[in-house]
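Welcome! Let us take a walk through a structure together, one step at a time.

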Amino acid sequence: MDIKLEIHNIKKIFNGRKVFSDINFQLENKSALAITGRNGSGKSTLVKILAGLLSPTNGRVDFYLNGKSIDVQNRYQYFGFVAPYLQLYDEFTAIENLELFGRIRGIEVDKDNIDFLLKRVNLYERKDSYVREFSSGMKQRLKYASALLHKPPLLILDEPRSNLDSEGISVVYQIIQEQKQSGCLVVATNDSDDIQFCNQEIDLNQFRNRTK
Amino acid sequence: MNKIFNINSALTIFIKDFRSELRTRYALNALIMFVITTLAIILFAVANETPSIEISAGILWIVIFFSAMSGMARTFVSEEERGTVMTLHLIAKPSTIFFGKLLFNLILLFLMNIFTVVLYIILIPSFIVQNASIFILTVVLGTIGLSAASTIIAAIIAKSNTKGTLYPVLSFPILLPLLMIVIKSTKSALEGVEFAKAMGDFQVMIAYFVVITAVSYLLFDYVWKD
């Protein structure tokens, strides 16, 4: 699957305050972008714009799959997104959450795939527990399972290590490595360990775009 | 060509909301308690007097309107309060979410209206339906119109800070044409007029539903996103 993400002159203004402007970059297959910057520089805002959760004040985000432009309303089929502020349904179990997400996405719910993902994030033993009983780290692991459910060509991670223990972090790093082989990756972080996996970096403090 | 919305996904959103409602009772308890307390107050107020046909028809739809206002907003407000709006946004098209939520509100309002109408007929002796087919069709079309309008208004107010008070205030002018026509049609059912004479009212109710649903579909993406 050949994918390309193009960002053209993105600008965002919140309540009259300019968060960033003139952001341009391009991301292609088997590449990873780190978005860095101090607190409040707009890392989460930028990844939300990339994922289609927020509209930019100016500029546009283009996404191409095998050379064909994908409409913003249909991009959810190709994107996986993990962030600490993303919430799951507390009143459902881990497996029910994944089954619901799969069905709402319109993909065929494969029990073996769900079991594989739950084992991968070390939640298989707790698959029938309600999410409200989960710790914040366990919820974060379940978010990874839900983001990978449809095998997305583009994975967007905001603070990928948030709430995770060392075992969870190593699982995330494995996921990052595999995603780089199979598609594209965008990581919003300030952690040097996360940045080392990326071959491009955009520093929102300086609004500059450099390639390593 | 892209589909307007995915029917299976919308049905899954409806099933999710229904199962969630059974487990959390976000809206159901509020709706049932509102109907019971309102009808109890009406009984005390009416006492031994016999309200006219116009007043009986009006009171029924006042109970339905305010009961709907107490529970219908929960579909979107609960997603907003729990922070799951973003999650939903990441897994489905906005139109799919809208139609899933509309279906949930429709079923919930149908159940509530059946409960309300049955209680109302039992408790208010002067409320005697002379033409059942007009009355049933009025309740069905009124419910459909009410759920369509209340779904998009719920999506709008879920983003505001004053959700509770804003919902009935914003709903009233939008629902006023529908309320006027369903009260008129209910009065016709109580008076026992011929079915053919009520056809104009039903056409207005159907037109109201079509217009509100079409506008909601066009606007929902903007309401839902930022």
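How many residues of chain A are in contact with residues of chain B? There are 20 on the side of chain A, and they touch 23 residues of chain B. Within chain A, helix H2, which covers residues 94–105, gives the most to this side, with five residues. Sorted by class, the side of chain A that touches chain B holds eleven nonpolar, five polar and four charged residues. Please keep in mind as you read on that this is a predicted model.

Let us look at chain A by itself. You can find six helices and ten strands in chain A. How does its overall size fit with its length? A compact globule of 212 residues would have a radius of gyration near 17 Å, and chain A has 17 Å, which agrees. If you draw a box along the principal axes, the C-alpha atoms of chain A fill roughly 45 × 35 × 35 Å. Of the 212 residues in this chain, 41% count as buried. The contacts tell you something about the fold too: take those in chain A between residues at least 6 apart in sequence, and 71% of them join residues at least 24 apart.

Where is A:Ala34 placed? A:Ala34 sits in strand E3 of chain A, which runs over residues 31–36. Is A:ALA34 buried or exposed? Count the other C-beta atoms within 10 Å of A:Ala34 and you reach 25; a residue is buried at 20 or more, so A:Ala34 is buried. Leaving aside neighbours within four places in sequence, A:Ala34 is in contact with A:Val187, A:Thr189, A:Asp194, A:Ile195, A:Cys198 and A:Glu201.

Now turn to chain B. This chain has nine helices and zero strands, and along the sequence its pattern reads α-α-α-α-α-α-α-α-α. The globule rule gives 17 Å for 226 residues and the radius of gyration of chain B is 18 Å, close to that value, so chain B is as compact as a globular protein of that length. Along the principal axes, the C-alpha trace of chain B spans about 55 × 35 × 30 Å. Buried residues make up 44% of its 226 residues. Among the contacts in chain B with a separation of 6 or more, 86% are between residues 24 or more positions apart.

How can we describe the way helices pack? Two packed helices are described by the angle between their axes and the distance between the axes.

Begin with helix H8 (residues 163–191) and helix H9 (residues 199–225) of chain B, which pack at an angle of about 155° with their axes 10 Å apart. An angle over 145 degrees counts as roughly antiparallel, and that is why H8(B) is described as roughly antiparallel to H9(B). The crossing of H8(B) with H9(B) is left-handed. On the H8(B) side you will find B:Pro177, B:Leu178, B:Ile181, B:Lys184 and B:Ser185, and they meet B:Asp201, B:Val204, B:Met205 and B:Tyr208 in H9(B). By class, the residues of this contact are six nonpolar, one polar and two charged.

Next come helix H6 (residues 94–123) and helix H7 (residues 132–157) of chain B, with an angle of about 135° and axes 9 Å apart. H6(B) and H7(B) are therefore oblique to each other, and H6(B) passes H7(B) in a right-handed crossing. Among the residues that make the contact are B:Leu102, B:Leu106 and B:Phe110 of H6(B) and B:Val139, B:Ile144 and B:Leu146 of H7(B). The contact of H6(B) with H7(B) divides into nine nonpolar, six polar and one charged residues.

Finally, how do H6(B) and H9(B) cross? Their axes come within 9 Å and cross at roughly 110°, and H6(B) and H9(B) are therefore roughly perpendicular to each other. This crossing is right-handed. Here B:Pro94, B:Ser95, B:Ile97 and B:Phe98 in H6(B) meet B:Ser216, B:Tyr217, B:Phe220, B:Asp221 and B:Trp224 in H9(B). Six nonpolar, two polar and one charged residues make up the contact of H6(B) with H9(B).

Definitions and conventions: Residues are numbered from 1 along each chain as its sequence is written. Chains are lettered from A and ligands numbered from 1 in the order in which they are written. This is a predicted model: local features need pLDDT of at least 70, side-chain atom pairs count only at pLDDT 80 or more; totals for chains, interfaces and linings use all residues. Two residues are in contact if their C-beta atoms, placed from the backbone, lie within 7 Å. Helices (H or I, at least four residues) and strands (E, at least two) are DSSP runs, numbered from the N terminus. Ala, Val, Leu, Ile, Met, Phe, Trp, Tyr, Cys and Pro count as nonpolar, Asp, Glu, Lys and Arg as charged, and the others, Gly among them, as polar. The radius of gyration is taken over C-alpha atoms; the globule rule is 2.2 Å times the number of residues to the power 0.38. A residue is buried if 20 or more other C-beta atoms lie within 10 Å of its own, exposed if 12 or fewer, and partly exposed in between; C-beta atoms are placed from the backbone. Axes are lines fitted to C-alpha atoms, for helices over the stretch in contact, and angles run from 0 to 180 degrees between N-to-C directions. Angles under 35 degrees count as roughly parallel, over 145 as roughly antiparallel, 65 to 115 as roughly perpendicular and the rest as oblique. A crossing is left-handed if the near helix is turned anticlockwise from the far one by less than a right angle, and right-handed if clockwise.
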